[in-house]
Amino acid sequence: MLRKLLFWSIAVVFPLPLVLTYDYQATEPDSLKFYIFLGLIAYTWWLLSILLSVRPSWLDRSVGLPSIYGLHGMLGVLAIATAYVHRDYGYSPSRLARDLGDWGFYGALGVLCFSVFFMSGWFVDRSSLLLTAKRILEVVFRRQLSVWVHRLNLVVVAMIWLHVHLLLRVNQHFAFMMLFDLYTVVVMGIYTWKKWIAPDTYPTGTVISNEMLGGATRRVSVKVDRKASTLQPGDFFFLSFEGSPSVSREWHPFSVTDDNPETLTFTIRQHGDFTRRVEDVEVGTRVRLEGPFGRFESIIQDRDHEAPLVFLGMGAGAAPLISLTAAHHTTRKIHLLWAVRNPEDAYYRDVLKEYQAASGDHLQVTISIGRFRREDLTNALSAQEVTKGSFFIVGPNPAVLANQRLLRRIGVPARRIHQERLTM
Ligand SMILES: Cc1cc2nc3c(=O)[nH]c(=O)nc-3n(C[C@H](O)[C@H](O)[C@H](O)COP(=O)(O)OP(=O)(O)OC[C@H]3O[C@@H](n4cnc5c(N)ncnc54)[C@H](O)[C@@H]3O)c2cc1C
């Protein structure tokens, strides 16, 4: 909690040097300065939001990727609110500067609305109507197109940068302008390096098997060139298949399904443009991996070691939970609940039986064909699990939210429920 608070406080600290330098140098009345401060705060929040989008894995280990993307999204909203007041009450004598400011504002507003709908689950995960509308629209606005629309934020930043450089009242302050440019250059430098140069340094591996599991799932094993020594149970990587003629090189996140750091196995549910093509990935295809990411193992290590672990997975969402089960089934009390669509989708039934046999009564497995309803959970969970257990839910966003609600209703407090949603 304290860690997250500290993380969110970056939003307050990040604009301060720029705001204080302007305050020190500028001589206009405080009322005018205030609206300039708001503009500066909006600009630095856009920069911070870009910085967070490079998802450094050390930061993920500390606060988790959902928090990073959460702050990234919130900064987008807050920046629009502050930019709105700045634009409405601020004054700019230069026509071009004013136009650039306006275009930047409307551009940022448009990208924000688009991203909230297509890329965040803020609304679509909570309304089946909006989710259906999103799925229909995604025929045109495919993921890669959405990513490029999102990147228009870089154009917005360029417009605002120029807007500031054109304002005589502002650009006369040399130290302030140096700092302003330093902020911009450093953030853009880090972004360019991370998106276009760093991937060449990421770990690589080779696909050694790609087999069908159940109705619409693949199990892809990747032998990594160098042992993934920082891998923890429950982790996930962003994968890019290189040199496969029919599969695009775009990065997609998938969880590691077991605990072998030399051969990473991924369980991939085929339901969209990219995942449907995974069956064309041939043995021998080279893979690049960004990561590992994930916080499940550190949460398990930080909490009471006597408390039971309750894993609740939906479909391929079981992947990270099976990896956690592989790591802990002989030492921790575990109850793995797995909901699948059809009986043939319970493809890890035999593996789980083996873990169960080796666990010395530590592991209990409950598989449900169809989602868990409230009475299923009430019957399946022991009183000790409900009152003391640490719960880990993984699956598609709406299913995770629904299960979280069910658990809350049967008495599990939110602080003991941890989740990973299969979209961001
Ligand atoms: C942390 C994490 C771990 C995951 N682990 C697994 C796993 O082990 N097995 C598995 O089958 N699936 C996993 N997923 C989901 C998987 O990444 C998506 O299903 C896949 O990227 C969808 O791609 P698509 O083009 O086939 O589908 P699309 O039809 O393009 O997308 C389906 C949904 O996935 C979202 N999506 C698409 N691409 C990405 C992306 N690059 N990043 C985030 N969301 C995206 C879309 O917004 C859409 O809502 C995981 C997702 C996350 C966030």
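How many bridges join strand 3 (residues 236-242) to strand 6 (residues 286-293)? Six bridges do, and the two strands run antiparallel. The structure is a predicted model, in which local features need pLDDT of at least 70, side-chain atom pairs count only at pLDDT 80 or more, and totals for chains, interfaces and linings use all residues. Residue numbers start from 1 along each chain as its sequence is written.

View 1. Six strands make up an open sheet with antiparallel pairing, in the order 4-3-6-1-2-5. Strands are DSSP runs of E with at least two residues, helices are runs of H or I with at least four, and both are numbered from the N terminus. Two strands pair if DSSP finds at least two bridges between them. Strand 4 and strand 5 are the edge strands, each pairing on one side only. On average, neighbouring strands of this sheet are turned by 40° against each other, direction ignored. Axes here are lines fitted to C-alpha atoms (for helices, over the stretch in contact), and angles between N-to-C directions run from 0 to 180 degrees. Phenylalanine 238 has glutamate 290 in strand 6 as its bridge partner.

View 2. In contact are 15 residues of domain 2 and 13 residues of domain 3, where contact requires C-beta atoms, placed from the backbone, to lie within 7 Å. On the domain 2 side, strand 5 (residues 263-269) gives the largest share, three residues. That side holds five nonpolar, seven polar and three charged residues. Nonpolar covers Ala, Val, Leu, Ile, Met, Phe, Trp, Tyr, Cys and Pro; charged covers Asp, Glu, Lys and Arg; the others, Gly among them, are polar.

**View 3. The shell around the ligand.** Arg269, Gly272, Phe274, Thr275 and Ala316 come nearest among the 21 residues around the ligand. A residue is near a molecule if its C-beta atom, placed from the backbone, lies within 6 Å of it. Domain 2 and domain 3 each contribute at least three residues to the shell. Strand 4 (252-255), strand 5 and helix 13 (273-277) each supply at least two, and the largest share, four residues, comes from strand 4. The shell comprises ten nonpolar, seven polar and four charged residues.

View 4. Five strands form an open sheet with parallel pairing, ordered 9-8-7-10-11. Strand 9 (363-369) and strand 11 (417-421) stand at the edges with a single partner strand each, so one side of each has no neighbour in the sheet. Seven bridges pair strand 8 (residues 334-340) with strand 9; leucine 336 has valine 365 in strand 9 as its bridge partner. Helix 16 (residues 349-358) lies across strand 8 and strand 9, at about 160° to strand 9.

**View 5. Helix 15.** Nine of the eleven residues of helix 15 (residues 318-328) are buried, so the helix is largely enclosed by the rest of the structure. A residue is buried if 20 or more other C-beta atoms, placed from the backbone, lie within 10 Å of its own, exposed if 12 or fewer do, and partly exposed in between. The buried residues include Leu321, Ile322, Leu324 and His328.

Key: Contact = placed C-beta atoms within 7 Å. Domains from an automatic or database assignment.
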